[in-house]
Amino acid sequence: TPSTSRSAHTFRGTLGGRMSTEEMIMNMPSVDGLTHEDVAVYGNRWLDGYSRVKMLGRGGCAVVWLAERRPTGDKVAIKQVAKCCGAKGRADIESAWREINVAAMYFDLSGRGGFKIDPLQYPGVVHIARLLEYHDLKRDLWLVFDFAGASMSKVSFKIQGTFFHGERIYNVIHMPFYKSLQRDIRVLKRLLRDIFQALELFWRSGLVHGDLKPDNILLITPDGDSQRDFVYQGVRIIDFGSAYRYHESHQVGMATPEYMPPEALQAMGKRHSGKSRDELQHRLSGLVDQSTPWSFDTWAVGAITLELCVGVPLWLSYKARVEYGQGGRRPFMGMGHFAVTGKDNDKMVQKQRDVVAHLRKSISESPGIPLHKDTDGMDLLTRMLAWQPDERIWPTDALSHPFLAAL
């Protein structure tokens with residue numbers, strides 16, 4: 001049972017690393033087991049009261065397991081953060097504590113998983129993955145979450161390397177959830193409504209998630225199955241390891257760049273130009289002066305929406321091929337709209353600028369959701385991706401926007 005002192009653990013910032021395109025492709029499917037090297041890190045340790053089912057994923061010094069609570073059989077997701085040596089190990093532990101601190105704002109962490117705030121007054125709280133309990137043990141920090149389902153990235157796209165006319169390309173296969181978006185625009189509307197309800201709660205809490213992306217949005221699915229015909233049942237937002245208080249923007253870390261706003265990428269870009277860490281922190285602190293509490297996360301939601309509209313992951317920096325399925329049209333060939341080789345922040349900002357300047361054209365020429373035909377939908381997306389941070393749409397205004405208000 002967590003103690004009050006642990007719940008009061010303070011936020012600490014970290015400048016994390018980045019994933020290459022190859023690593024992102026490799027990390028999209030679920031992982032079935034540990035390597036020999038992993039066994040040396042995680043060993044045969046396990047948490048009392050739970051039965052391990054399978055590994056769901058891993059990264060850094062952390063691994064996430066699907067498990068069942070004994071004796072009820074309730075499904076949970078357990079994050080095991082090994083207390084590794086070195087900077088990466090310390091960063092992962094700090095991120096885990098940050099998740100615990102955020103969860104303590106909204107949930108009872110004694111194992112019951114109750115809400116600390118009224119879901120009727122703050123409906124966004126039901127769209128956050130519930131942390132049920134945590135255990136700080138000698139070799140691991142364990143976080144037990146209510147199991148929700150599969151990540152949006154997994155239920156949207158399947159990516160397969162292949163050769164096409166002698167050239168190495170990647171087939172992007174649209175999965176059942178994505179096809180449901182293409183069939184019925186109301187699914188996209190419900191998705192965005194649920195996410196903006198969560199963002200409204202973050203704003204009221206003075207919190208910035210800091211790493212919203214398809215991997216960190218779970219779609220509620222039966223047993224996490226992404227292969228069945230998809231019926232939208234809601235989302236759960238996960239991974240608050242990059243979260244920070246809005247007025248402490250010096251804590252902004254390098255999250256997933258394709259979903260970060262241009263002003264944050266520009267500040268981060270100075271890391272590699274000989275500037276000191278103090279100067280970087282000063283530049284990051286300046287983000288408060290030019291933004292609002294929701295600017296960072298609203299841009300990320302806009303980027304996610306753009307990805308869904310174009311039908312290709314934003315980060316895919318190799319040539320992609322998408323079959324249209326019906327109508328006899330030739331397959332779409334292209335790359336992710338924000339993808340650049342070498343993950344150069346300045347190049348990525350220029351890509352963002354070009355896409356935003358020609359947003360309707362970018363969507364109309366893509367094999368995804370034809371949002372360009374919906375005036376209200378395009379207006380909402382344009383306001384999410386406003387270039388000036390203080391002009392991005394406020395979550396409360398987004399929820400009353402004509403594109404979402406009719407739900």
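Modeller: Here is a walk through the charged pairs, with a word on confidence to begin and a look at the cores along the way.

Keep in mind that this is a predicted model. Mean pLDDT for the chain is 84, with 82% of the residues at 70 or more. Helix H14 has the highest confidence, at 98, while helix H1 (residues 4–7) has the lowest, at a mean of 33. Over residues 1–32 pLDDT stays under 50, although the model has 76 contacts beyond four places in sequence for that stretch.

Now the charges. Side chains of opposite charge can pair when their charged atoms come close. This structure holds 14 salt bridges, and one of them joins Asp136 to Lys83, with 2.7 Å between the closest N and O atoms. That pair ties together distant parts of the chain, 53 residues apart: Asp136 belongs to strand S4 (residues 131–136), and Lys83 to the loop between strand S3 (75–82) and helix H4 (86–106). Asp136 counts as partly exposed because its relative accessibility is 27%; Lys83, at 35%, is partly exposed too.

Both partners also touch Leu141, whose contacts beyond four places in sequence include Lys83, Ile93, Trp97, Tyr134 and Asp136. Leu141 in turn is one of the residues that touch the most other members of the largest nonpolar core, a set of 85. Helix H7 (residues 185–205) gives this core its largest share, 10 residues. There is also a second, separate core of 12 residues, with Phe296 and Val340 among them.

Glu200 has 15% relative accessibility, so it counts as buried. In another pair, Lys213 and Asp211 come to 3.8 Å between their closest N and O atoms, and here both residues are buried.

One more charged side chain deserves a look. Arg392 sits in the loop between helix H14 (375–384) and helix H15 (395–399). With a relative accessibility of 2%, under the 20% cut-off, Arg392 counts as buried. Its side chain makes a polar contact with that of Glu263, at 2.8 Å. Beyond four places in sequence, Arg392 also contacts residues including Pro261, Trp294, Trp299 and Trp387. Phe296 is another of the Arg392 contacts, and it belongs to the second core mentioned above.

Notes. Residues numbered from 1 in each chain as written. Predicted model: local features only at pLDDT ≥ 70, side-chain atom pairs only at ≥ 80, totals over all residues. Heavy atoms only, no water. Helix = DSSP H or I, 4+ residues; strand = E, 2+ residues; numbered from the N terminus. Buried < 20%, exposed > 50% of the residue type's maximum accessible area, 1.4 Å probe, protein only. Polar contact = N/O pair within 3.5 Å; in protein donor to acceptor, adjacent residues only side chain to side chain. Contact = heavy atoms within 4.5 Å. pLDDT = per-residue confidence, 0-100. Core = buried A, V, L, I, M, F, W, Y, C linked by side-chain atoms within 4.5 Å. Salt bridge = Lys/Arg side-chain N within 4 Å of Asp/Glu carboxyl O.
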